Structures are given as C-alpha cells and as structure tokens.
Amino acid sequence: MHSDKNNLMDIEEKVLAGERLSFEDGLALFETDDLPALGRMANIVRRRRHKNITYYNMNRHLNPTNVCYWDCTFCAFYRKPGQEGAYTFTPEQCVEMAGQAFNAGATEVHIVGGLHPHLKFDYYLDVLSSIKRAYPSLHLKAFTMVEIDHFKRITRTSDEEVILRLREAGLDSCPGGGAEIFHEEVRKQICRHKTSSKRWIDLSRKVHNAGIRSNATMLYGHIENYSHRVDHLIKLRELQDETNGFQCFIPLAFHPKDTELSHLPGPSGVDSLKVVAVSRLMLDNFDHIKAYWVMLGKHLAQVALHYGANDMDGTVMEERITYAAGQVSEREASRNEIVHLIQEAGFQAVERDTLYNPVEAMMV
Ligand code: V47
C-alpha cells in the first residue's frame, strides 16, 4: 500500500509535469497533515501563472434586500418579510450607494441579495439600469445563479430571456455565490429549498454561453467532508473545460455566529489554507483563486497568497453577509491597506478591473 508520503510525492510529480489531478489525488491532498508540502505545490502553480503578482480591485458590495423566502441554515443575513431588521433599498438608494463608491474610486459594484417574495423582476432591472445610466463605466457584477433561477420562476420566461434582459439592463458579469457545496447529501441539510447544484451549473453554462463571465465559490467548514469538497471542485473543473467562462474561484470560510449552525466552530486557519491550496491544485483550468480577506481575515489572507491564491478581492466597502454571521472587524479596507497587506506578504500589488485587466494608472 502507498504511504501518505509516497502519495504526496506522486502528486508533486504530476504538479511539476502540469498533469491533471484525480479525485483520489484531491482527497489525498486534503487528508495530509503536511501543510508545507501543500503550500509548496500550490505556490509552484500560482507562480507559474502569476509570478509575483497579486491582484486587487476597487469595489463595493451592495445588497439591495435581505428579505428572503428561503431558510439556508448557514445564513445569518436573511430576514423574513416584516421581521425586525428586514430592509429593501429603493433603486434610487442603490444609485446613491453606487455613486459614493464610484466617487471613492470603485470600478465595480457587486450586487447580491435575498429572494424577496414580492419584488418584481422589473425592480432588479431598474437597480441595474439606474446605476448604469448614472455611472456607465461602473462594472455591474450582479446576481448569482440562485437569483437568476428566482427571476426565471417569477417571470415564467426562459432562462435565456432572463439573462438577455439582465444584460440589456446593464449586467456585466455574475458573482459566484449560491454554489455552497454541490453534493446533494450536504445541500439537503444546509439549504434544502435552494436551487439544486445541477441547476446552478446549468445556469452558469447558459450565462457563459451568452458571453457573460462569472465566478464560482465553495462554502466550506460546516458539515461537509473532504470528498464533498473534491466533488465540488471537480464539477466546477468539468464545466470550466466546457465553457471557460469562470474567471475566479473563491473559497468561502463558514462563519457560524447567529446561524442555525452556530454550534459548529467554523474552519480552522489550517483548514482554510488547505482549501486554498487544494483548490489551486485541482482547478487547473481556473486562472484566479481569491483569498477573500473578509472571510479569511486580513492576516490569514496574506498567508493564503503563499498557498495558491493570487487575488485579494477588493475594498468591499460595506460587507453585510459575513458581518451578520459574526465577522465584526473586517467590513472594508482602503486601497492603501490592501496594497500594504499584499506588499507586506512579499508580492507586487496590481489593481485590476473585474475582468482582470490591469488598471494601469493605479498600478502600485
Ligand atoms: O452565497 C452565506 C456565503 C456567499 C455565510 O464572486 C456565508 O467575486 C460564510 O458569494 N459564512 C456570498 N459564508 C458571498 C460571495 C462572494 C464573496 C466575495 C466575492 C465573490 C465573487 C462572491 O456567502 C453566499 C454564501 O455562499 N455565505 N452565509 C456565512 N455565515
């Protein structure tokens, strides 16, 4: 029988030769305690692709409503209609917030929210088109596959028609949320009413086929096991082989506070670094892996840059989803702070737009 050490040596050979890793390889990578070996391998791939560069962007999160008719057990952000703390911004308020971000140098607004039982599709189109009209150069990275699925249900048109109307209203790309863990065994326990994994993948395919880029995420550190994670990564890799429409993968560290899963501890720092490294190694057809500092914390995000990540996300400006689940100190960062974090970790900071074009004037 192969020992763990032999296994890792075989995998490292594959990594050096640029060969694709298998499901079993992914599992062996998660199972090892040899964190430095994981970091070494992931760093080889990261530096091969991006040398010493770490990207960041100037962005703002905008969550038009927290009202949601679903009840995902990992979420502390949603409120039922009429519940204390429930809110819905008007399109005018959304424009005002986008304007503040634009004036502070943002190139992107990241728009996601709850599935409100009464808002019409026109509301969402209005949010997009009003921001676009006021600030045409702002990139609107808006609505996950879960929201697009909801729009399809409330409009009773085709997926293609929904995507087209969003694009006409100003949608430029889609964020990667709502993927959670694809394996239905886990999904039925943490988000049993939510868009199925098959549907999430199918809608991503349709978005990519319409020429729109999107991101992908994985929520880890709750009830999933290693094989669920590897299954998730391989499903994403398969779709990326087909469409090449994903820009970036973002591992999302579970924050338990005030969720139905608050009895769980959330992932350790070691586990988070493993996820970043294994993602970099398994997702050989993804250009970018994000160390999302909001969920990792700023210091662990710095370390993650040595474990395969090449992007720090951005200024964020007003994060609500992780904040609701107990992330108290990390809601926004200035450009200087992000650049400093990247440089302090030993990398060259490059400001990018949403599509990973360097923003030349701002290169540091
Ligand atoms: O879909 C919800 C997750 C996601 C919790 O595309 C939680 O560039 C941790 O998708 N603890 C939203 N995570 C965030 C997201 C994202 C973030 C940054 C960049 C991009 C991108 C996408 O957050 C949700 C869900 O998977 N989430 N609750 C929680 N308690």
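**Exercise 1.** In this predicted model, find how far an oxygen atom of the ligand is from an N or O atom in the side chain of Asn215, and then work out how the ligand is held by polar atoms of Glu180 and His255.

*Solution.* Begin at Asn215, where an N or O atom of the side chain is 3.0 Å from an oxygen atom of the ligand. Since a polar contact is a pair of N or O atoms within 3.5 Å, this pair counts as one. Next take Glu180, which has a polar side-chain atom 2.5 Å from an oxygen atom of the ligand. Finally, at His255 a polar backbone atom lies 2.8 Å from a nitrogen atom of the ligand. Taken alone, the ligand exposes 610 Å², and the protein buries 95% of that area.

**Exercise 2.** Decide what the radius of gyration says about the chain of 364 residues.

*Solution.* The chain comprises 15 helices and ten strands, and its C-alpha trace spans about 60 × 45 × 40 Å along the principal axes. A compact globule with 364 residues would have a radius of gyration near 21 Å, so the 20 Å of the chain agrees with that expectation.

Terms used
Residues numbered from 1 in each chain as written. Predicted model: local features only at pLDDT ≥ 70, side-chain atom pairs only at ≥ 80, totals over all residues. Heavy atoms only, no water. Polar contact = N/O pair within 3.5 Å; in protein donor to acceptor, adjacent residues only side chain to side chain. Areas by Shrake-Rupley, 256 points an atom, 1.4 Å probe, with all protein chains shown as cover. Helix = DSSP H or I, 4+ residues; strand = E, 2+ residues; numbered from the N terminus. Rg over C-alpha atoms; globule rule 2.2 N^0.38 Å.
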